[in-house]
Every structure is written in structure tokens, then in C-alpha cells.
Amino acid sequence: GKTKMEQPFVSLISSVLRTVMMILLFLMTASRLGIDVTGVIALASVLTLAISLSVQNALSNVIGGFTLLSTKPFASGDFVEVAGQSGTVQEIGLTYTKLTTTDNKTVSIPNSSVVSAEIVNYTVAGTRRVDVTISASYDTPVELVLEALSEAGTVATILEDRPATAVVKGYGDSAIVYLLQVWCKSSDYWTTLCTVNKNVKEVFDAKGVKMTYPHVNVHLDK
């Protein structure tokens with residue numbers, strides 16, 4: 001199907017061609033009438049240079065747009081992370097790529113910045129991994145925490161062939177850090193993340209797993 005960039009591109013090319021044809025027609029007519037066009041050509045060259053410098057950034061964005069269309073790192077509807085921004089691609093325009101963030105803000109990124117940045121496409125593979133990092137007390141048995149996390153991660157939207165997995169990620173100053181990983185369809189990412197986060201607290205409470213927060217233990221010697 002046609003992209004939203006095709007109409008601006010057609011309009012730009014038509015405008016440029018009309019301008020070039022008018023200039024050539026003027027020069028040819030003036031030459032036939034015996035008018036010295038050397039000065040006109042010199043003036044046109046100076047004007048062309050000035051215009052080129054003033055629209056340099058715009059042209060780099062246009063070229064960036066063509067690069068995006070030819071390389072196709074993403075398409076409209078894909079959820080991406082690019083140039084420090086993440087969101088759903090709404091439009092690859094002539095000079096800007098527009099994203100809609102998860103809090104419904106529209107972010108316009110210059111195409112030149114997009115093509116020069118690292119692009120992470122979370123949609124193209126069709127699946128995403130949800131990572132949830134949780135801390136639990138040293139007083140709670142590790143196996144109990146792993147069992148609770150696996151149960152909390154078993155929700156309706158995860159992939160059937162990839163069960164939830166929980167591992168010990170590390171040991172903090174006041175808690176053991178655990179990592180829960182589940183896989184889901186890209187379109188179910190946020191629903192899965194929110195549901196798993198909610199389940200973790202409920203399952204921990206039911207199984208008596210103590211969640212922790214940053215604190216300092218002070219021991220006083222008598």
C-alpha cells in the first residue's frame with residue numbers, strides 16, 4: 001500500500017520540476033532574444049548556493065526519509081525505541097517520523113536523527129520478553145520465592161510453549177534480587193507486564209514471601 005510519505009514526495013518533485021523548467025524556459029527565451037544571460041546565471045548560482053545552505057537540514061531529513069523507506073527498519077504500527085524515544089510508529093513523513101508514546105503523546109523525530117540512531121523494533125519479531133525484577137528477604141527460602149514467581153508469571157497472555165522462568169539475579173545489601181521472565185505476543189506486552197506485576201504481590205502475600213525495601217541494619221555492641 002501507499003505510505004504517507006508518497007504524497008508529500010510527489011508534491012515536492014512536481015514543485016522542483018516546475019521551478020527548473022521555468023528557469024530553463026526563461027534562459028532559453030532570453031538567449032533567443034539576444035539578451036546576455038551571463039549575469040542572470042551568476043545571480044542564480046549565488047541564490048542556489050544560499051538556498052542550499054538554508055535548507056541543508058531539511059534536505060538531510062528528506063534523504064533520511066528515503067533511507068527509512070528503502071531499508072524499512074520499521075513500519076507504521078510497530079512499537080520501536082529510537083533516538084531516546086519509544087512508542088508506536090504513526091507516520092514516516094517527508095522530514096519527520098512520528099511516534100505515539102504509551103501515555104498518548106505524539107513525538108516527532110527528524111528523519112536524519114532516526115537513520116543515525118540505533119533502532120530497536122519490538123514488533124517485527126512478533127513476540128517480546130517481559131522481564132520483572134523483584135527483591136525478596138534473605139529470610140525467605142530461595143526455592144519458595146522461585147516457586148511463587150513462576151506461579152505469578154503464569155498468566156493467560158504468555159506463550160504456551162515458553163513457560164515462566166525465575167532465577168536468582170544477584171545478592172544485594174539487604175535482599176536477594178530475582179528475575180522473572182515470560183514471553184508473550186508483542187501486542188500483549190503491556191497487558192502481560194501489568195498482570196504479572198499485580199500477581200507477584202498477591203502470590204507473595206499468599207505464600208508468605210517478604211518483599212523488601214532499601215534499609216540499613218545497625219548493630220550496637222554492648
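**Entry 1: the α5/α6 crossing**

I looked up the handedness of the α5 and α6 crossing, and it is right-handed. The model is predicted, so I read every value here as computed from that model. Helix α5 covers residues 142-152, and helix α6 covers residues 189-207. Their axes come within 8 Å and cross at roughly 140°. The crossing is at roughly 140°.

I next checked charged side chains on α5 and α6. Glu 151 forms a salt bridge with Lys 207, with the closest N and O atoms 3.5 Å apart. Glu 151 sits in helix α5 and Lys 207 in helix α6. The two are 56 residues apart, and the pair links distant parts of the chain. Glu 151 is partly exposed at 43% relative accessibility. Lys 207 is partly exposed too, with a relative accessible area of 28%.

**Entry 2: other salt bridges**

How many salt bridges does a search of the whole structure find? I got six. I looked at two further pairs.

- Arg 129 and Asp 131 meet through their side chains at 2.9 Å, N to O. Arg 129 is partly exposed at 39% relative accessibility. Asp 131 is partly exposed as well, with a relative accessible area of 35%.
- Lys 105 pairs with Asp 103, and their closest N and O atoms are 3.7 Å apart. Is Lys 105 buried or exposed? Lys 105 is exposed, because its relative accessible area is 52% and exposed means over 50%. Asp 103, at 48%, counts as partly exposed.

**Entry 3: a nonpolar patch**

Which residues make the nonpolar surface patch of about 320 Å²? They are Tyr 138, Val 168 and Tyr 171. I followed up Val 168. Its place is in strand β7, which covers residues 165-171. Val 168 has a relative accessible area of 33%, so I noted it as partly exposed.

**Entry 4: Gly 77**

I wanted the location of Gly 77. Gly 77 lies in the loop between α3 (56-71) and β1 (79-82). Its relative accessible area is 47%, which means partly exposed. I also took one distance from Gly 77. Thr 100 is 23 residues away in sequence. In space, Gly 77 and Thr 100 are 9.7 Å apart, C-alpha to C-alpha.

**Entry 5: the whole chain**

The protein chain has six helices and eight strands. From the N terminus on, I read the order as α-α-α-β-β-β-β-α-β-β-α-β-β-α. What share of the 222 residues counts as buried? The figure is 29%.

Terms used. Residues are numbered from 1 along each chain as its sequence is written. This is a predicted model: local features need pLDDT of at least 70, side-chain atom pairs count only at pLDDT 80 or more; totals for chains, interfaces and linings use all residues. Side-chain values use heavy atoms; hydrogens and water are left out. Patches are made of residues with over 30% relative accessible area and no salt bridge: like charges are joined within 9 Å, nonpolar side chains (Val, Leu, Ile, Met, Phe, Trp, Tyr) within 5 Å. Accessible areas come from the Shrake-Rupley method with a 1.4 Å probe; for residues, only the protein chains shown count as cover. A salt bridge is a side-chain nitrogen of Lys or Arg within 4 Å of a carboxyl oxygen of Asp or Glu. Helices (H or I, at least four residues) and strands (E, at least two) are DSSP runs, numbered from the N terminus. Buried means under 20% relative accessible area, exposed over 50%, partly exposed in between (1.4 Å probe, protein chains only). Axes are lines fitted to C-alpha atoms, for helices over the stretch in contact, and angles run from 0 to 180 degrees between N-to-C directions. A crossing is left-handed if the near helix is turned anticlockwise from the far one by less than a right angle, and right-handed if clockwise.
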